[in-house]
Amino acid sequence: MKNILYIVWSDNNKLGIPIIDEQHRGIISTINSLHYFIQTGHEHEIIKPTMTMLEQYTEVHFKTEEALLAEANYPALEEHIALHKELAKRTKKLSIDANRRKDSDMVLKFLKEWWLGHINKKDRQYISYLRKLIDIRAF
Ligand SMILES: [Fe+2]
């Protein structure tokens, strides 16, 4: 259906860390754009730049998150970085598949499930560490 958002952002997805919430929302918004272009038949000219944007945005986001987690001495940092590496690799591969316009439903489904799962399960585990960091910075 045209003009229907693929992922509806909800405040339940917020972690309460402003820069992280903003970037998560930006990533979801990019996935929605990808869905929109596919739905409206514009995938030919727009999939490549959208996937490039998603890959780069993902990289920027992971760098932001990892730097904050390192500063906060997050004990599961290595494990979290490994997850990020895995997603960055998968996203690159999906980007190639999407550019060949192979199975776009699978690409969208993977992105949706991975991101919502990551935000609401794995990222949620570091909230208390980053909130402490933000509180310290506020003084
Ligand atoms: Fe993360």
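Me: Leaving aside neighbours within four places in sequence, what is Leu 34 in contact with?
Reply: Leu 34 is in contact with Ile 47, Thr 50, Met 51, Val 107, Leu 108 and Leu 111. Contact means heavy atoms within 4.5 Å. This is a predicted model, where local features need pLDDT of at least 70, side-chain atom pairs count only at pLDDT 80 or more, and totals for chains, interfaces and linings use all residues. Residues are numbered from 1 along each chain as its sequence is written, and side-chain values use heavy atoms, with hydrogens and water left out.

Me: Which residues touch the most other members of the largest nonpolar core?
Reply: Ile 31, Leu 34, Leu 111, Trp 115, Tyr 126 and Leu 130, out of 34 residues in that core. A nonpolar core is a set of buried (under 20% relative accessible area, 1.4 Å probe, protein chains only) Ala, Val, Leu, Ile, Met, Phe, Trp, Tyr and Cys residues joined through side-chain atoms within 4.5 Å.

Me: And which element gives the most to this core?
Reply: H4 does, with 7 residues. Helices here are DSSP runs (H or I, at least four residues), numbered from the N terminus.

Me: New topic. Where is Thr 64?
Reply: Thr 64 sits in helix H2. Leaving aside neighbours within four places in sequence, Thr 64 is in contact with Ile 19 and Gln 23.

Me: What does the side chain of Thr 64 make with the side chain of Gln 23?
Reply: A polar contact, at 3.1 Å. That term means a pair of N or O atoms within 3.5 Å; within protein, one must be able to donate a hydrogen and the other to accept it, and residues adjacent in sequence count only if both atoms are side-chain atoms.

Me: How far is Thr 64 from Trp 9, by C-alpha atoms?
Reply: They are separated by 21 Å, and lie 55 residues apart along the chain.

Note on methods:
Buried < 20%, exposed > 50% of the residue type's maximum accessible area, 1.4 Å probe, protein only. Helix = DSSP H or I, 4+ residues; strand = E, 2+ residues; numbered from the N terminus.
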